[in-house]
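Open the model in your viewer and keep the selection tool ready. We will go stop by stop.

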Amino acid sequence: MRVNKTKKHVYTSLPISGYDLTERLGYATGIKAITNEYFNNKEWRVMCPFDIAPYRDEYEYKDYMRDDLYVLYGSDAIVMCDNWLESKGCRDEFFIAVNQGITLYSIDYDDTGRYIKKMTKEDIELCMEFACKKAFCGCVNITNQSCEKN
């Protein structure tokens, strides 16, 4: 898949493995609507994993990730969705985005519902710490920064 650069691209990173695909598709549709509104449809193209590689019987996890990462590398921004720290694929996408200088956003909540928030340097550093702990020892404990497994 070639990334069309006539518009800026924002990639939405959402956990899929281990979830019901119908539920994830519905969630992705809602996230895309919020993302389109935030980024202004006319200037940005919002992409989620379901847009990149539709379900194929012959595809394995690595095939989907390969296609998703190709699009991520051509993106200008990434939105990290709910529970992304629990997903190996989302953590990989986060690490790549940080290393490639892709602007990071996250889904947050308030009394009115979900919204998109640009991650600050402090947000990214905190997420790096917890993403690394999760990746290497399976521990994510935001209230107590010591890792029980190390």
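A charge sits over a ring if NZ of Lys or CZ of Arg is within 6 Å of the ring centre and within 35 degrees of the ring normal. Select R24 and Y19. The charged end of R24 sits over the ring of Y19, 4.0 Å from the ring centre.

Two notes on what you are viewing. The model is predicted: local features need pLDDT of at least 70, side-chain atom pairs count only at pLDDT 80 or more, and totals for chains, interfaces and linings use all residues. Residues are numbered from 1 along each chain as its sequence is written, and side-chain values use heavy atoms, with hydrogens and water left out.

**The whole chain**

Switch to cartoon view. Look for five helices and five strands. These are DSSP runs, numbered from the N terminus: helices are H or I with at least four residues, strands are E with at least two. From the N terminus on, the order is β-α-β-α-α-β-α-β-β-α. Of the 150 residues, 43% count as buried. Buried means under 20% relative accessible area, exposed means over 50%, and partly exposed is in between (1.4 Å probe, protein chains only).

**The rings**

Next, select Y38 and F39. Rings of Phe, Tyr and Trp (its six-membered ring) pair if their centres lie within 6.5 Å; planes under 30 degrees apart count as stacked, over 60 as edge-to-face and the rest as tilted. The structure holds seven such aromatic pairs. The ring centres of Y38 and F39 are 5.0 Å apart and their planes are at 70°, so this pair is edge-to-face. Y38 is partly exposed, at 41% relative accessible area. F39 is buried, at 6%.

Ring pairs link Y38, F39, W44 and Y105 into a cluster.

**The largest pocket**

Which residues lie nearest the centre of the largest pocket? Select I16, S17, Y61, Y64 and D68. The lining has 24 residues in total. Elements that give two or more residues to this lining include strand 1 (8–13), helix 1 (21–39) and helix 3 (61–73). A pocket, on a 1 Å grid over the protein atoms alone, is an open set of points where a 1.4 Å probe fits, with protein on both sides within 12 Å along at least five of seven lines; lining residues have an atom within 4 Å of a point.
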